[in-house]
Amino acid sequence: MTNPPPTVAVHGNSFHADDVFAAAVLMALHPGATLIRTRDTGLVAAADFAVDVGGEWDPARGRFDHHQKGFAEHRPSGVVYASSGLVWLAHGLDLIRQRLPGIDEQIALRVRDAIDDELVQHLDMADTGALNAAPGYFGISAMVSAFNTSRSEEGAAGAPPAIAALELAQFKTVMGFMGLFIDRLMVRFSDKFAGESLVRQGELLADGKILVLKTSGLSWSGVVCAEMPDVLFVVYPETPGGQHQVRVAPIEPQSFVARRDLPSAWAGLRNQDLAAVTGVEDAVFCHNNLFIAGAGSLAGAIGLARAAVAQLRDEGAPRALAP
């Protein structure tokens, strides 16, 4: 006899990014589960999972609330858990394994931790008041908040059961988006970590100043910044079989400050004009801010990188480059 699908209980009324995230994880992990939004203690107690409601934290029993007196569970960094973090701590690894069957266990652990570092802990901090939300509607918390029912919508709905039904529908809509977002993060972080070995295997040219990657879509900045201090320019295919790019190596991942810029005389040049100053026949463009250039072929992109190395000169300290 098969077990019935589990029930996931979250609190009713206004919802926030932390309970939406937590519910999205559990609903993805248990396809066919029933979602209820309630503060009824009997319904919460009967549910298989209780998220952000119920006054208990007991992962073994599916209890993931953080509002109860005395709750102070926190990460080694000191960031206190909210419901999103508690659910991810207990079930994030299971979801990664389900979504990416066969994933290397060490990579799975890194994916779990990266998603916590880059997303979940910020949801927790926003919910507990430890972090201000992003300005305006620029941020996940604001996006989720926008899906709460408005005064006019509630007035049109009329009776409380109709309002509750509308709230549930809105919750499910934004939960679906959150689930897709989590899925994309799992895929992208998995690819990033699995691709690190390909970055390390890249060809080094010009006394190590140029790194050539033959595979598109590699997240190379972390490896380059941590392990390749001499690399100034990275060559890689924009897409399989497409244009090739030359990108400056940043001083740290996600920084717009380059170890060295592309030559200043290239700024904003395209096609024949860029070919004329670089000697690369299939040169395509160089960005005004000197952080990226492109050519039609791998050989052309390597030619641009070699030309950049040849023209290096001291132009002062590295400067911030806006994309």
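Q: In what order do the six strands of the open sheet run?
A: The model is predicted; local features need pLDDT of at least 70, side-chain atom pairs count only at pLDDT 80 or more, and totals for chains, interfaces and linings use all residues. Residues are numbered from 1 along each chain as its sequence is written, and side-chain values use heavy atoms, with hydrogens and water left out. Strands are DSSP runs of E, at least two residues, and helices are runs of H or I, at least four, numbered from the N terminus; two strands pair if DSSP finds at least two bridges between them. Pairing in this open sheet is mixed, and the order is E6-E7-E8-E9-E11-E10.

Q: Which strands stand at the edges of the sheet?
A: An edge strand here has a single partner strand, so one side of it is left without a neighbour in the sheet. That holds for E6 (203-205) and E10 (283-286).

Q: In which sense do strands E7 and E8 pair?
A: E7 covers residues 210-212 and E8 covers residues 233-237. Leu 211 stands opposite Val 234 in E8. Three bridges join the two strands, and the sense is parallel.

Q: What angle does the direction of helix H11 make with that of E8?
A: Helix H11 (residues 298-310) packs on the sheet and touches E6, E7, E8, E9, E10 and E11. Contact means heavy atoms within 4.5 Å. Axes are lines fitted to C-alpha atoms, for helices over the stretch in contact, and angles run from 0 to 180 degrees between N-to-C directions. For H11 and E8 the angle is about 170°.

Q: Are Asp 116 and Arg 75 buried or exposed?
A: Their side chains meet in a salt bridge at 2.8 Å, N to O; the term needs a side-chain nitrogen of Lys or Arg within 4 Å of a carboxyl oxygen of Asp or Glu. Asp 116 lies in helix H4 and Arg 75 in the loop between E5 and H3, 41 residues apart. Relative accessible area under 20% is buried, over 50% exposed, and in between partly exposed (1.4 Å probe, protein chains only). Asp 116 and Arg 75 are both buried.

Q: What separates Asp 94 and Arg 97 along helix H3?
A: The two residues form a salt bridge, with the closest N and O atoms 3.5 Å apart. Asp 94 is partly exposed at 31% relative accessible area, and Arg 97 is partly exposed at 34%. They are three residues apart in H3, so the separation is about one helical turn.
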